[in-house]
Amino acid sequence: MAARRTREATKRKNNDKIELETSVEIKEECTESIYFKMGCNNTLHTHLSKKTKLGLKQVGKANGSSTRLDRSFYDQPAEDLAKNLLGKLLYRVLDNGEVSFGRIVETEAYLGEVDKACHSYGGRRIGRCEPLYMAPGTAYVYVIYGMYHCLNVSSQEPGACVLIRALEPLQGFDSMKSFRGVRRRDAGSKLKDHELCNGPSKLCQALDIEKANLNKEDMTTSNRFWIEDDKESCSRDMTIVTSARIGIDSYGPEWALKPLRFYSLGNKCVSVRDKKSEAELSHSA
């Protein structure tokens, strides 16, 4: 009897070990987003779910003919691309089929191998920098502070890109608040609309943009993530403020002070205003 109990205990132990090893393999194969609680949704899909297809149809009906930015648009110098992306619409189709999007209102240009503040400075191509050397229009998503993400789009020069710093939310407010609320006591309920995407990591949280699910995504062909022209604002005048980039003082004054940040004057969703530059702009007008 004792021998039988010993055999059964050993069997249970071996089964638990196999189950644990299997769960570890699954976890390594498919990293789940902390912002999306619908199972393992961060793997690159070879086919679209019915809900995602429905979301895409909704986008098509709303926009009429496609206004998606093509490769030729992204194939321009980072500084020009940073300016020209202002006012464009960033779309995100979630795995549950829901479509969220917002208007780009703040960007920063990173000039590639010559730019000390750029990850590819000096020609670094390995590791996380690989997307910066892929075709213009490739998403470069990286982790900061071990827990937050930033979204960049590759441009024309080798290793160069544009950081998307802020969006004006236009659709998907409830899901944005839910994603933003993961680490908040109020679960995002107290967030105002203009606070949802007014920073590079905030917008990544709000749209469930992470390295695990969208890094290296081709934004010219993706069905989950792309940028379009805004038909309604094409004829609307927009004043662009030019300022220094944020948070790169450690790279020295030469690069920290370069005027490579651009934002839409008067938009509440901009992360940081440069009042001095705005004053100079108004005086020169």
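In these legends, contact means heavy atoms within 4.5 Å. The structure shown is a predicted model.

**View 1. Strand S2 within its surroundings.** Strand S2 comprises residues 99–110, and twelve of its twelve residues are buried, so the strand is largely enclosed by the rest of the structure. Glu106 belongs to this strand.

**View 2. The hairpin of S1 and S2.** Strand S1 (residues 89–93) runs antiparallel to S2, to which it is joined by five bridges. Within this pairing, Phe101 of S2 lies opposite Tyr91. Five residues lie between the two strands of the hairpin, where Gly97 adopts a positive phi near 90°.

**View 3. The pairing of S2 with S5 and S8.** Strand S5 (residues 161–171) is antiparallel to S2, and nine bridges link the two. Here Tyr110 has Cys161 of S5 as its bridge partner. Strand S8 (residues 261–264) also pairs with S2 in the antiparallel sense, over three bridges. Arg261 in S8 is the bridge partner of Glu108.

View 4. Is Glu106 buried or exposed? Its relative accessibility is 0%; because buried means under 20%, Glu106 counts as buried. Beyond its neighbours within four places in sequence, Glu106 is in contact with several residues, among them Leu86, Leu163, Arg165, Phe262 and Val272. The C-alpha atom of Val241, 135 residues apart from Glu106 along the chain, is separated from that of Glu106 by 9.4 Å.

**View 5. Polar contacts of the Glu106 side chain.** The side chains of Glu106 and Arg261 are joined by a polar contact of 2.7 Å. The Glu106 side chain also reaches the backbone nitrogen of Ser271, at 2.7 Å.

Note on methods: Residues are numbered from 1 along each chain as its sequence is written. This is a predicted model: local features need pLDDT of at least 70, side-chain atom pairs count only at pLDDT 80 or more; totals for chains, interfaces and linings use all residues. Side-chain values use heavy atoms; hydrogens and water are left out. Buried means under 20% relative accessible area, exposed over 50%, partly exposed in between (1.4 Å probe, protein chains only). Helices (H or I, at least four residues) and strands (E, at least two) are DSSP runs, numbered from the N terminus. Two strands pair if DSSP finds at least two bridges between them. A polar contact is a pair of N or O atoms within 3.5 Å; within protein, one must be able to donate a hydrogen and the other to accept it, and residues adjacent in sequence count only if both atoms are side-chain atoms.
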